[in-house]
Amino acid sequence: MTGLLCITFFYLTLNPVYSQLMATNAPYSVKVIADLGANVTLPCRLPYKGHSFFGIGIRVKWTKVALDEALNEDVLLSMGFHKKTYGSFEDRVYLQELDSEDASLVITDVSTDDTGKYRCEIINGMVDTMQEIELEVQSGLTDGVVFPYFPPLGRYSINFNEAVQTCLDQDAVVATFDQLFEAWKGGLDWCNAGWLDDGTVQYPITKPREPCGGTNNSPGIRNYGRRDKYLSRFDVFCYSPALKGRFYWLTQPDRLTFDEAVQACINDGAEIAKVGHIFAAWKLEGYDRCDAGWLADGSVRYPIARPRKNCSPTEAAVRFVGFPDKQQKLYGVYCYKAEP
């Protein structure tokens, strides 16, 4: 067995850090750490000099690896001069190609959703190789999560004072601009304006489009400025800290009305979870469940950390079903049990 090679590279801020390159008969692995919003290079090379993978019939394939291999996500496929990118990586990744043996992948503007294991396969019929790279994205919001919120009354229905209470009701506080900015860097895109704690009204856009400030504007935080705290009505951006308890799906034999859901959590020694709880569990703990459940505000939502068919196939998100009739017996319930 080939020995362990420990190679450390020091780069400027925002560049990745490589640690513990494992060269074995199995695919070797490298861990790469990148800052949120930076560009990052995932290294991959033919292990023997003198072999070029550029040519007819030579294939390079990059894949994002899931725990269940059936859910793997194609990232990039290259055959000679023909290259194709896929899904959320489309037009955001490319091969570095510093020389004829280099198949390293460059990911631009990395988000927290890019965190995970990647597999590089180089197939040339003579020296086939497979290498695995673990990408960790460091977020500026490691201790909390920003989420947009509107009450059952509907969008643009609360003034500033109501917004403060609304966030408190969800076990959260009104977000600061810095918190919203870090969330935007992490990929938050929301086309409805909301209150921030300084009394301004703003909203984050990562993908410019006509209804959200126009296509000619760059991605960024759209700012309505300070508004009348009593007369103006918008949504709100809340900030929820890391959980100090357990968020969980309560298994029940039947679907529940809202009142039954509240009582079921109480019977389990917990409380019905709040919106701040589900966002914190999803974003900070990777909580994933494809079952819609009641929350304390009367909304029905479900958290998807691993996008898949029929479960938020295009993005990781807390999916919002709505504010249904509380007498409907169509949903389960999410509970929250605080630490003693």
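**View 1. One side of helix H1 is buried.** In H1, which spans residues 160-169, the buried residues are Phe 160, Ala 163, Thr 166 and Cys 167. Here buried means under 20% relative accessible area, exposed means over 50%, and partly exposed is in between (1.4 Å probe, protein chains only). The four sit on the same side of H1 because they cover an arc of only 110° around the axis, taken from the directions from the helix axis to the C-beta atoms. Their packing partners are strands S11 (144-149), S12 (173-174), S13 (194-195) and S16 (235-241); contact means heavy atoms within 4.5 Å. Helices (H or I, at least four residues) and strands (E, at least two) are DSSP runs, numbered from the N terminus.

This is a predicted model, where local features need pLDDT of at least 70 and side-chain atom pairs count only at pLDDT 80 or more, while totals for chains, interfaces and linings use all residues. Residues are numbered from 1 along each chain as its sequence is written, and side-chain values use heavy atoms, leaving out hydrogens and water.

**View 2. Look here for positive phi values.** Most residues other than glycine have a negative phi. Tyr 156 has a positive phi, near 50°, and lies in the loop between S11 and H1. With a relative accessible area of 33%, Tyr 156 is partly exposed. Asn 310 has a phi near 70° and belongs to the loop between S20 (300-304) and S21 (317-322). Asn 310 counts as exposed, at 65% relative accessibility.

**View 3. Two aromatic pairs can be compared.** Rings of Phe, Tyr and Trp (its six-membered ring) pair if their centres lie within 6.5 Å; planes under 30 degrees apart count as stacked, over 60 as edge-to-face and the rest as tilted. The count comes to 19 aromatic pairs. One of them joins Phe 181 and Trp 184, with centres 5.5 Å apart and planes at 35°, so this pair is tilted. Both belong to helix H2 (residues 177-185), 3 residues apart, or about one helical turn. Phe 181 is partly exposed at 31%, whereas Trp 184 is buried at 18%. Phe 247 and Tyr 334 are stacked, 5.2 Å centre to centre with 10° between the planes. This pair links distant parts of the chain, strand S17 (residues 245-249) and strand S22 (residues 332-338).

**View 4. Charged side chains sit over rings.** The charged end of Lys 229 is 4.5 Å from the ring centre of Phe 160. Arg 246 lies over the face of Tyr 248, 4.0 Å from the ring centre. The rule asks for NZ of Lys or CZ of Arg within 6 Å of the ring centre and within 35 degrees of the ring normal.
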